[in-house]
Amino acid sequence: MRSKSQTSNGKASHNTEREFGGTLGAVCIPIFLPLTVLFLICVNRSPDAALLQWPPPLPSLDQLWNPTAPLLLLGWIALHAFLYLLPLGKISEGLVLRDGTRLKYPINGFHSLCISGALLMLLLMFKAPLGHLFEMMLPLAVCAIAVSFMLSVYLYLSSFWAPPHALALGGNTGNPLYDYFIGRELNPRIGHFDLKYFCELRPGLIGWVVINFGMLMQEVELRGSPSLAMMLVNSFQLLYVADALWNEEAVLTTMDIVHDGFGFMLVFGDLAWVPFTYSLQAAFLVGHPQTLSPMGVAATITLNGIGYYIFRKSNSQKNQFRRSPTHPSVSRLETIATATGKRLLVSGWWGLVRHPNYLGDLLMALAWSLPCGFSHLLPYFYVIYFTVLLIHREARDERHCRAKYGLAWETYCRRVPYRIIPYIY
């Protein structure tokens, strides 16, 4: 979808075509999504953990605030900002921007994960009460939401000092509410420190793993040892995060980095939504332990393995093709030429469905929830939400590609008719 056009002098013109419900969505989403995060944490902590119970469990003010929470959150963000700036790993260039330049990015997220893990082990040696994270979830989420709002305000105001070519194609509509939500500037930076790239894979994603580990330690404190279900959830999700950071360079070609501005939508998703809703399964198991059968464990591990294999192989194939179409691993794949000069893959993983990586993602999401049993809907919130998210993202990508590639995209869709699930969708 073309969010706005370019005028002859290179300046971006305003556009009336808006996503996520336009102004109404820009007003409602920043209200309802933070409340959803707090609601899910409260339900998870309740004895019944019933997602559809009414009235919902309401926290007291004492439960919402803890003076330690902002110190922990800001200290965590500061730690990862420091690790981001360390001269570790290589420097990679992003895709070509509208002004013909390329930004440089440090590829050291996996180093940050390893250092974070070493620090956790150090805290464990000194008998730090890591399980206390279970009790701190609510005040930490409140602080993360507050930081998301404040950072989004800063990003919106600072974007007015950015040159026109630095603005996101869909974030300069002239509507303050919508632009604040969707993000005006594409790659906001403080010096060489890229705020969007930093938030995308660092404090929230690694924070998710740390919260999971805190839930495991809380289970150890309560029951003497971690359950098999808890270890499966921790292991599956650690693999996912480690994979994302090991392949960090691939994020430079994603829609979040290349197309979307950095506003409340991405800020809140990175800093609040990911760490505090993606960790629901581990938090659920603290209060609702599950006993797994050997057959169930084997099936769950197999499902996660299949999902991960599809996810990693398809993403690697796509990223290799984007970076080096002549590489031996992709040079023999069948492609379709487009008017832009780029080519579309119509064989390999990308000849199976249009988004094989999404298929792998969904299989893994289901595997993460299965250790929580079938007695509650709450642990499956992630699967439900993620399915909706990927279908919506696929529709957005469909519009963008149809506008960008025209007839070539229509040819591709005829060759590859299924979007995510072969013969179903």
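Patches are made of residues with over 30% relative accessible area and no salt bridge, joining like charges within 9 Å and nonpolar side chains (Val, Leu, Ile, Met, Phe, Trp, Tyr) within 5 Å. A salt bridge is a side-chain nitrogen of Lys or Arg within 4 Å of a carboxyl oxygen of Asp or Glu. The model is predicted: local features need pLDDT of at least 70 and side-chain atom pairs pLDDT 80 or more, while totals for chains, interfaces and linings use all residues. Numbering runs from 1 along each chain as its sequence is written, and side-chain values use heavy atoms, without hydrogens or water.

**View 1. A nonpolar patch on the surface.**

**View 2. Ala49, a residue with positive phi.** Look in the loop between helix H1 (22–45) and helix H2 (61–64). Here Ala49 has a phi near 50°. Most residues other than glycine have a negative phi. Ala49 is buried, at 1% relative accessible area (buried is under 20%, exposed over 50%, with a 1.4 Å probe and protein chains only).

**View 3. Tyr423, after helix H16.** Phi of Tyr423 is near 65°. Its segment follows helix H16 (407–415), and Tyr423 is exposed, with a relative accessible area of 70%.

**View 4. Helix H15 and Gly406.** The 25 residues of H15 (381–405) should span 36 Å at 1.5 Å a residue, and the end C-alpha atoms are 35 Å apart, which agrees (the expected span is 1.5 Å times one less than the number of residues). Just after H15, Gly406 takes a positive phi of about 60°.

Definitions and conventions: Helices (H or I, at least four residues) and strands (E, at least two) are DSSP runs, numbered from the N terminus. Accessible areas come from the Shrake-Rupley method with a 1.4 Å probe; for residues, only the protein chains shown count as cover.
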